[in-house]
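Trainee: May we go through this structure together? I am new to it.
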Amino acid sequence: MSLDFQPLVSNTLLALLLVPLFILTLAGIYFRQRGSLIRLLAVAAFAMALFNPIIVNEEREPLKSVVAVVADRSQSQDIGNRTADTDAALKQVQTELGRLPQFEVRTVETGQATENDDATSTRLFQALNGIFRDVPPARIGGAIMITDGQIHDIPANMAGLGFSAPVHGLITGTPGEIDRRIQFVRAPRFGLTGKPQEMTYKVTASGEPQGGRARVSVRVNGDEVSNHDAIIGQEMPLEVTLPRAGVNIVEIVVDAVPNELTEVNNRAVAMVDGIRENLRVLLVSGEPHNGERTWRNLLKSDASVDLVHFTILRPPEKQDSTPINELSLIAFPTRELFVDKIEQFDLIIFDRYQHRDVLPLLYYDYINDYVQKGGALLIAAGPEYAGNMSIANTPLLSVLPATPTGNIEEKAFYPRLSDQGKRHPVTRGLEGSTQEPPHWSRWFRVIDVNQPEGTTVMDAGDKPLLVLNHVGEGRVGMFLSDQGWLWARGFEGGGPHAALYRRIAHWLMKEPELEEEALTASGSGRNLEIRRQTMQKTANAASVITPSGKTRSIPLTETEPGVFTASVTTDEIGLYQVANGDLTTLAHVGPVDAPEFSDNVSTTAKLDPLARETGGGTRRLRPAADQSTIEVPNIVASRGMASASGDNWIGLRPTNETILKSVNRLPLFSGFLGLAAMILVLGGMWYREGK
């Protein structure tokens with residue numbers, strides 16, 4: 001209830017009317033004139049009538065305080081009994097708050113991975129702000145957080161909290177937990193394959209003395225390459241050699257100790273992109289011809305290729321008077337190339353080459369050994385391959401995938417992908433191959449061979465055109481036509497010669513993306529992407545081992561010929577092991593340095609300073625006396641108390657806020673009440689003046 005004034009006239013007019021009257025009345029009182037007091041009452045009644053006093057009676061309903069309960073469901077809460085303790089504590093807290101009608105309770109469970117959140121850190125205060133987004137600060141009664149204490153967005157002080165109400169922490173886990181952690185301190189993102197890469201890492205431990213030793217093993221792409229002792233608490237150097245181009249996964253794993261909290265953070269991962277130094281290619285053309293420059297131009301245009309090219313302009317058996325300086329700048333250094341430095345080449349190409357005693361027969365044995373030990377050889381055959389001086393008549397025969405019949409078929413044909421070629425990564429999806437006839441030009445010559453070994457990926461009618469084969473640790477390719485230059489020259493619209501030639505060369509040099517049988521996996525956001533490349537028509541389900549050790553079977557779906565894929569939504573961050581048949585691979589989902597795994601030891605230290613500043617506090621959840629559940633402190637309404645936390649209780653503050661339901665207004669000097677007052681005063685004046 002309150003008194004309000006609503007003047008009938010403006011303040012200026014009030015002053016003009018009332019001030020002179022009060023001055024005259026007070027002057028009469030000062031000079032002791034008769035009836036002055038009654039005149040003062042009359043002026044006061046007149047003034048009250050003009051001021052129009054009103055009694056206002058408001059009916060209000062008290063509002064409930066809004067209280068937040070935040071349950072931490074991050075991945076670190078899956079350790080030990082933390083999940084069960086959180087469930088039990090949450091249920092009891094909700095029961096306790098249900099007995100306090102002055103509180104409106106809002107509960108949120110946060111920390112789990114969602115479509116828009118990879119859950120790489122525990123952000124409980126972000127969730128708390130979301131709960132209170134539509135609540136005025138005056139109505140906030142406090143917050144209760146059920147967590148292991150590893151929170152990564154705690155405000156620096158209460159000013160950053162956004163409200164003034166107690167915050168309480170109920171901490172899961174047990175004191176004295178033991179846990180080892182390992183992390184990379186420095187690791188390159190890129191590195192040259194075959195070259196040592198400098199890294200550093202650090203092992204830290206809770207519950208162990210600094211300066212102790214821990215055994216660390218180093219793995220590259222799943223294969224252990226070294227192990228050694230690391231000093232706990234000190235940065236340790238590490239030298240790793242990247243074995244392949246593309247993404248390499250470098251793991252460091254520290255041995256677990258008895259009663260360790262979790263082994264999830266006992267490993268750290270660095271993703272390093274391997275970059276090859278320039279590939280060295282030796283191209284030997286047996287004679288000048290139309291297609292010679294097609295190979296040369298393609299290889300020279302690739303910045304990652306160092307090309308050494310020789311063309312045999314005059315074989316030993318040919319005698320003419322042409323000066324040697326008009327044929328070549330240098331002589332063909334056969335011994336240097338095929339004996340001394342053959343191991344330095346990643347690929348050797350014989351382009352329409354025939355045996356004319358330029359290379360001694362013994363050198364072909366060196367080429368055989370080069371291939372068997374992992375080298376790459378490409379035969380771009382022409383008519384000479386079917387002749388008497390064919391290299392199939394040399395010791396090189398043992399690594400060649402096909403021997404000539406001696407026949408050459410010269411008629412127009414469209415190169416087509418074989419059934420195997422539609423699945424092989426060298427020719428799969430080649431531009432123009434899906435149409436019939438293929439959307440590229442015809443060729444006019446093919447060298448007939450006996451039944452080839454390896455895989456025929458392109459054919460000319462019923463004859464093999466492109467054959468790829470694995471020999472020992474190396475690879476051999478054979479192109480049984482010299483007509484590819486027609487595509488390069490744009491004949492009948494040309495064809496995808498650059499893509500085809502480049503894929504052939506890179507497959508021979510063991511490019512990982514062009515392997516016939518390959519299994520790759522990668523993390524994309526919170527998804528695990530699996531890709532199986534195979535020459536088979538079906539692929540079994542992939543077996544996935546999660547960072548926590550759980551095993552899942554993931555079916556694969558064919559998305560294009562020879563390619564089976566799957567995309568799996570994950571709820572864990574870390575290293576996944578994927579297997580399919582004899583193939584295995586690794587993939588890391590989420591950031592490799594996610595804060596969620598930097599420390600898993602439960603603690604009250606992080607949240608306690610802010611909680612105390614708000615009047616709250618933190619305490620560990622303890623088993624009840626009967627060990628059947630968790631003991632939760634009593635929850636009370638603590639209006640006006642400086643501290644809202646005690647030994648066995650926690651307090652939340654009710655609000656003083658109300659909502660207006662109705663308003664009743666009673667004018668004091670209007671109607672009969674005002675009329676009666678005026679009549680009484682005027683009657684008194686008349687009576688007094690009559691004497």
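Mentor: Let us begin with a term: a charge sits over a ring if NZ of Lys or CZ of Arg is within 6 Å of the ring centre and within 35 degrees of the ring normal. Arg 280 lies over the face of Phe 345, at 5.0 Å from the ring centre. Likewise, the charged end of Arg 475 is over the ring of Trp 507, 4.9 Å from its centre.

Trainee: What kind of model is this?
Mentor: It is a predicted model, in which local features need pLDDT of at least 70 and side-chain atom pairs count only at pLDDT 80 or more, while totals for chains, interfaces and linings use all residues. Residues are numbered from 1 along each chain as its sequence is written, and side-chain values use heavy atoms, leaving out hydrogens and water.

Trainee: How many aromatic pairs does the structure hold?
Mentor: There are ten; rings of Phe, Tyr and Trp (its six-membered ring) pair if their centres lie within 6.5 Å, and planes under 30 degrees apart count as stacked, over 60 as edge-to-face and the rest as tilted. Trp 440 and Trp 487 form a tilted pair, 5.0 Å centre to centre with 45° between the planes.

Trainee: Are those two buried or exposed?
Mentor: Both Trp 440 and Trp 487 are buried, meaning under 20% relative accessible area with a 1.4 Å probe and protein chains only.

Trainee: Why is the pair of Phe 479 and Tyr 501 edge-to-face?
Mentor: Because their planes are at 70°, with the ring centres 5.8 Å apart. Phe 479 and Tyr 501 are buried too.

Definitions and conventions
Buried means under 20% relative accessible area, exposed over 50%, partly exposed in between (1.4 Å probe, protein chains only).
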